[in-house]
Amino acid sequence: MIKSIRENKSKDASTVGEQTHFRTCNLCEAMCGIVVKHDGEKVLSIKGDKDDPFSKGYICPKATALQDLHEDPDRLRHPVERTADGWKKISWDEALDKVAAGIQSIQKKYGNNAFGVYLGNPNVHNLGGMLTIKHLLGSIKTRTRFSATSIDQLPHHIISLHLFGHMLRIPVPDVNRTQHMLIIGGNPLASNGSIMTAANMRQKLKDIKARDGKVVVIDPRRTETADIASEHHFIRPATDVLLLLAMLNEIYVQGYAKKARANNRAADLAPEIERMADFAKGYSAESVAPITGIAADEIKRLVKEFCEAESSVCYSRMGVSVQEFGLLSQYIVMIINIVTGRLDEVGGLMFPNPAVNVVQNTGPGYLGKRHSRVSNLPDFNGEYPVAAMADEMLVEGEGQLKGFLCVAGNPVLSTPNGEKLDQAFESLEFMVCFDYYVTETSRHANIILPPVSALERDHYDVTFNGFATHNVAKYSPVLFTKPKDAKHDWQIYIELAERLDKNAPLPLKAERKLIQKLGPEFILDQGLKRGPYYGMSLKKLKKYPHGMDLGPLKPMLPEAIKHKDQQINLNVDFYQADLARVEEMMASYDESQILLIGRRHVRSNNSWLHNSHRLTKGKSRCTLMLHPDTAKAHNIEDGQEVKVTSRVGEVTINAEVTDELMPGVVSIPHGFGHGRKGVKQKIAQANAGVSVNDLTDDTLIDELSGNAAVNGVPVTLQAVVASKEDNEINRVNDKVVA
């Protein structure tokens with residue numbers, strides 16, 4: 001143990017010989033432990049850590065990208081300013097002074113809220129950033145904020161706020177012990193979990209089947225997860241709400257809710273639980289089958305097997321969240337788990353108990369205190385939906401955005417109607433990005449501030465331990481000492497905050513000085529000491545370089561509930577009102593439409609990793625997947641170029657004809673589209689692909705939450721190059737004419 005601790009310490013560049021470093025890969029939610037062999041200056045290898053109590057040696061291909069990102073010659077290592085002659089290197093002091101002056105100039109001229117902020121997903125993978133971003137946001141003093149939350153997991157937060165009293169009190173599947181897992185609109189083999197932090201999901205799902213359990217996947221695509229499941233059912237995109245309503249109805253019709261009620265601890269804590277008997281009463285399996293594409297008998301069987309399993313859990317993710325009925329659908333998923341007695345039970349949906357109790361130390365969140373200026377969409381916890389972002393810049397009037405800060409995000413590729421957002425960023429008077437690449441978004445910036453690489457900072461998963469399927473804790477120290485002329489994210493935040501907020505209260509100034517002196521480690525230490533595990537501290541955690549096993553998930557009700565009365569508030573009226581929209585959808589449903597869905601791959605993570613030479617090897621993954629019947633109906637052949645058109649834009653992409661997709665559905669992966677002028681990522685540009693978000697519609701939203709609806713987008717298809725069949729017809733016609 002002593003040797004391991006010693007080897008795990010940071011090495012300076014003068015150290016020679018092979019060294020061993022243990023850390024957590026922070027490129028996705030899975031928290032996989034890795035062993036990094038290095039010589040003090042260069043990574044020699046990255047492999048899975050067999051002694052990590054959470055991942056037990058498993059890693060996915062993304063882990064090697066840590067080396068690629070660190071060594072990438074395209075990575076910015078100093079601040080740059082955009083000039084008429086291109087990007088120019090400037091000093092940190094000059095950059096921070098100019099950024100502060102630019103922000104203050106915009107706000108003095110147009111008001112505080114004329115300067116907007118966007119926070120991307122990488123923020124939650126960053127210890128220092130997570131613990132200190134509040135200082136930067138507080139110093140900017142704007143209410144015009146956005147984040148990737150509203151094109152991702154926003155429904156989960158709203159439901160947890162309503163039911164359990166805190167936006168981060170999200171229960172996760174007890175995948176390690178369940179006997180029956182129903183997965184709707186999720187592909188955990190590609191995502192490594194997603195609001196279900198779990199390494200090696202392939203093995204976990206195989207383990208369910210090995211203990212005579214069952215894994216059922218419902219998805220418009222036969223995904224990697226569906227391939228290893230016990231069974232898979234195609235469903236028309238964005239009709240999940242109908243399937244779920246019918247399942248909830250069947251749970252009552254078949255008597256399973258009544259049977260579970262006798263020993264249902266969660267239901268005992270929900271005063272409105274009896275109202276759920278009538279919530280979905282009008283939605284029979286027969287009534288939804290024609291639209292969803294799943295036969296009534298199959299829906300009834302799915303319910304029967306789920307309810308009769310020794311333990312079971314219903315899990316749904318992105319495919320359900322980012323559609324027109326995302327919030328209502330996720331609510332019904334939660335209700336199904338509750339009324340069947342699966343919430344807070346072993347093998348069901350359970351609450352993690354992380355070593356750093358973020359729920360205890362943050363506000364609960366809120367919905368709809370304010371609404372966006374142009375589209376009138378509700379804010380959540382101070383953030384407006386990303387679907388409103390471009391209009392806030394383009395539509396003139398009081399409060400129009402004139403300046404913008406983008407922190408660790410690339411919304412041009414990751415939010416709806418990317419072309420429109422491109423134009424919006426171009427219209428700004430001042431923009432700054434925290435990024436270490438010139439991306440599709442940051443190319444619009446006046447100044448780019450690049451933080452250190454992931455291997456030049458320490459790490460602890462403040463966020464994802466809160467979604468973990470097994471309680472663990474692990475601290476990863478710095479591997480490579482940062483260069484003297486580089487800065488951590490938290491250093492940039494604090495130094496910029498000091499420039500913007502010179503009249504801050506003395507306690508706040510003192511806190512910032514303390515962070516500058518001690519770093520975010522001392523905040524982490526306080527969080528560990530105040531957490532639920534007696535005697536925990538950063539000093540103790542450092543003695544376990546592979547991580548600490550804190551045990552399996554345990555029942556936590558009613559203590560997990562943050563409402564003052566410790567009861568589950570089902571908020572039935574709020575959700576029931578949205579059934580009117582469902583009725584409208586059923587009445588006007590057009591089954592002839594071609595519907596677009598996204599997809600992801602285990603070797604990719606949004607747009608982050610497309611400049612990694614290891615992860616971009618092999619055939620192109622940016623293709624238009626479509627079923628043979630759909631291809632035939634549009635005279636499209638495999639490999640042929642196809643023009644895909646939506647209300648907001650069009651792209652041209654090569655077809656991949658496959659029975660993985662159900663007829664009438666097409667799929668384009670998320671995160672590509674690197675062909676825009678001015679991007680400085682050579683590998684990504686060489687594998688540019690197209691952006692699915694040049695097709696997604698910023699007016700297509702979940703009205704209940706404001707979340708973007710990027711699944712189920714209506715599109716049209718047109719073959720760009722004539723097919724063999726068309727060529728043959730042309731040859732025959734030419735012969736006849738001759």
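**Helix packing, sheets and ring pairs in a predicted model**

In helix 13, which spans residues 285-292, the residues Ala285, Val288, Ala289, Ile291 and Thr292 are buried, where buried stands for under 20% relative accessible area, exposed for over 50% and partly exposed for values in between, with a 1.4 Å probe and protein chains only. The structure is a predicted model, in which local features need pLDDT of at least 70 and side-chain atom pairs count only at pLDDT 80 or more, whereas totals for chains, interfaces and linings use all residues. Residues are numbered from 1 along each chain as its sequence is written, and side-chain values use heavy atoms, with hydrogens and water left out. Helices (H or I, at least four residues) and strands (E, at least two) are DSSP runs that are numbered from the N terminus.

The buried residues of helix 13 pack against helix 9, helix 14 (296-308) and helix 26, contact being defined by heavy atoms within 4.5 Å. Just after helix 13, Gly293 takes a positive phi of about 90 degrees. In helix 26 (residues 579-588), the buried residues are Leu579, Arg581, Val582 and Met585. These residues cover an arc of only 150 degrees around the axis, so they lie on the same side of helix 26; the arc is that of the directions from the helix axis to the C-beta atoms. The face of helix 26 turned away from this buried side carries Glu584, Ala587 and Ser588, which are exposed. The packing partners of the buried residues of helix 26 are helix 9 (240-253), helix 12 (276-279), helix 16 and helix 25.

Helix 16 also holds Ser329, which is buried with a relative accessible area of 0%. When neighbours within four places in sequence are left aside, Ser329 is in contact with Asp240, Val241, Leu244, Val320 and Gln323.

Aromatic pairs were searched for over the whole structure, and 10 were found; rings of Phe, Tyr and Trp (its six-membered ring) pair if their centres lie within 6.5 Å, and planes under 30 degrees apart count as stacked, over 60 as edge-to-face and the rest as tilted. The rings of Tyr331 and Tyr575 form a stacked pair, because their centres are 3.7 Å apart and their planes stand at 5 degrees. This pair links distant parts of the chain, with Tyr331 in helix 16 (residues 326-339) and Tyr575 in helix 25 (residues 572-576), 244 residues apart. Tyr331 counts as buried at 0% relative accessibility, and Tyr575 is buried with a relative accessible area of 0%. The rings of Phe404 and Phe425, by contrast, form a tilted pair, with centres 5.4 Å apart and planes at 55 degrees. Since Phe404 lies in strand 16 (residues 403-407) and Phe425 in helix 20 (residues 418-426), this pair ties together parts that are 21 residues apart in sequence.

The charged end of Arg75 sits over the ring of Tyr436, 5.9 Å from its centre, and Lys402 lies over the face of Tyr110 at 5.5 Å from the ring centre.

An open sheet of 7 strands has the order 5-4-18-17-16-6-7 and mixed pairing, where two strands pair if DSSP finds at least two bridges between them. Its edge strands are strand 5 (86-89) and strand 7 (145-147), each of which pairs on one side only. Strand 6 (residues 115-119) and strand 7 run parallel and are joined by 3 bridges, with Val117 opposite Arg145 in strand 7.

A further open sheet consists of 4 strands in the order 11-10-9-12, with parallel pairing. Strand 11 (231-233) and strand 12 (313-316) stand at the edges with a single partner strand each, so one side of each is left without a neighbour in the sheet. Strand 9 (residues 180-184) pairs with strand 10 (residues 214-218) in the parallel sense over 5 bridges, and 4 bridges join strand 9 to strand 12, again in parallel. Leu182 stands opposite Val216 in strand 10, while its bridge partner in strand 12 is Cys314. In a regular strand the side chains alternate between the two faces of the sheet. Both faces of strand 12 are covered, with Val313 and Tyr315 on one side and Cys314 and Ser316 on the other, all of them buried.

Technical notes: Lys NZ or Arg CZ within 6 Å of the ring centre and 35° of its normal.
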